[in-house]
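Biologist: I would like to go through this model label by label, with each value set against the rule behind the word.

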Amino acid sequence: MSAKSAKQVQALRAKTGLAMMDVKSALVEAGGNEEAAIEILRKKFADKMSTRADREAANGRIGVHADDKAAAMCELRCETDFVATNSDFRMVADKIAEHCAASGITDVEQLKSSKMPDGQTVQGFLTDAFGRLKENMQLKRLVRLEGPGASYVHHNGQVGTIIVGKGDPGDAGRGVCMHIASAATISGRVREDVHEKEIAEAREKASADLGGKPPEIQQKIVSGKMDKWFAERVLVEQPFVMDDKKSVGEFARENGFEIKDFVKFEVGERT
């Protein structure tokens with residue numbers, strides 16, 4: 001191999017992240033044309049992706065992106081937990097979420113066929129990632145919220161949250177996202193978001209065994225029990241995980257915003 005050829009192989013390897021022999025073979029087939037070699041590599045690994053499509057993608061991570069216009073999140077699956085925790089795979093998931101936020105596309109198939117800022121389709125981007133990581137990848141779902149946003153992904157990549165606010169959530173918004181990620185139960189953002197059947201059942205339970213007490217006392221007892229019930233389930237009323245002396249809503253207001261909407265994803269959950 002000439003010095004020029006070796007340098008070209010190294011440059012293309014650095015650009016694609018692929019194995020040296022794959023890169024060298026593609027350059028030889030393309031007669032030294034780098035762009036043609038990249039297309040050969042994409043075709044090669046797209047073919048390999050299709051042969052592995054039936055492999056179960058049981059692992060994965062949540063990708064997130066938030067800016068002053070929108071927040072978006074995706075669930076990207078892979079075959080092993082080794083790849084799920086890989087920094088390259090994390091970058092892929094986050095880039096897809098970023099493109100979702102910018103494009104406004106939340107349909108998986110439409111997003112896969114859409115073009116990213118560099119002109120490459122998302123499917124092509126995933127094919128390139130397959131070439132580096134050698135695992136079947138499946139984009140399972142997407143969500144996008146309009147407005148100034150914040151995001152958080154738990155350290156294991158398995159749980160992610162996004163919020164948007166009336167007012168810029170800023171760094172404090174990440175704290176709210178961390179609270180949502182850690183909360184065992186959230187039935188709604190505010191009381192009005194909780195299902196009426198749930199409320200009726202809780203009120204019936206709170207009203208039990210109050211016979212003999214004056215009606216006004218019964219009303220106070222039921223009201224107190226329901227306030228406690230809502231505080232366990234409604235996001236803005238829950239004690240903030242980082243300072244339980246204030247509610248999540250109070251924390252947000254202290255930091256200049258109101259929580260307008262939120263979404264939480266967990267890898268593998270049924271939707």
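Biologist: What joins S1 to S2, and through how many residues?

Modeller: A hairpin links S1 to S2 through three residues; strands here are DSSP runs of E with at least two residues, helices are runs of H or I with at least four, and both are numbered from the N terminus. This is a predicted model, in which local features need pLDDT of at least 70 and side-chain atom pairs count only at pLDDT 80 or more, whereas totals for chains, interfaces and linings use all residues. Residues are numbered from 1 along each chain as its sequence is written, and side-chain values use heavy atoms, with hydrogens and water left out.

Biologist: How do you know that S1 and S2 count as paired strands?

Modeller: Two strands pair if DSSP finds at least two bridges between them. S1 and S2 run antiparallel and are joined by eight bridges, so by that rule they are paired. Within this pairing, His 65 stands opposite Ala 72 in S2. Strand S2 (residues 70–78) also pairs with S3 over eight bridges, again in the antiparallel sense, and there Glu 75 stands opposite Arg 141 in S3.

Biologist: Why is S1 called largely enclosed by the rest of the structure?

Modeller: Six of its eight residues are buried, so S1 is largely enclosed by the rest of the structure. Buried means under 20% relative accessible area, exposed means over 50%, and partly exposed lies in between, with a 1.4 Å probe and protein chains only.

Biologist: Why are S4 and S8 said to stand at the edges of their sheet?

Modeller: Three strands form this open sheet in the order S4-S5-S8, with antiparallel pairing. Strand S4 (149–153) and strand S8 (258–266) each have a single partner strand, so one side of each is left without a neighbour in the sheet. Neighbouring strands here are turned by 15 degrees against each other on average, direction ignored. S4 is joined to strand S5 (residues 159–166) by five antiparallel bridges, and the bridge partner of Tyr 152 in S5 is Thr 161.

Biologist: Is His 155 buried or exposed?

Modeller: His 155, found in the loop between S4 and S5, has a relative accessible area of 70%, and is therefore exposed.

Biologist: What makes Trp 229 and Phe 230 an edge-to-face pair?

Modeller: Rings of Phe, Tyr and Trp (its six-membered ring) pair if their centres lie within 6.5 Å, with planes under 30 degrees apart counted as stacked, over 60 as edge-to-face and the rest as tilted. The count by this rule is two aromatic pairs. Trp 229 and Phe 230 lie 5.1 Å centre to centre with 75 degrees between the planes, which makes the pair edge-to-face. Phe 240 and Phe 251, at 4.1 Å and 20 degrees, form a stacked pair. Phe 240 lies in strand S6 (residues 239–240) and Phe 251 in helix H11 (residues 248–254), so this pair ties together parts that are 11 residues apart in sequence. Both Phe 240 and Phe 251 are buried.

Biologist: How do you know that the charged end of Arg 141 sits over the ring of Phe 265?

Modeller: The rule asks for NZ of Lys or CZ of Arg within 6 Å of the ring centre and within 35 degrees of the ring normal. The charged end of Arg 141 sits over the ring of Phe 265 at 3.8 Å from its centre.

Definitions and conventions: Axes are lines fitted to C-alpha atoms, for helices over the stretch in contact, and angles run from 0 to 180 degrees between N-to-C directions.
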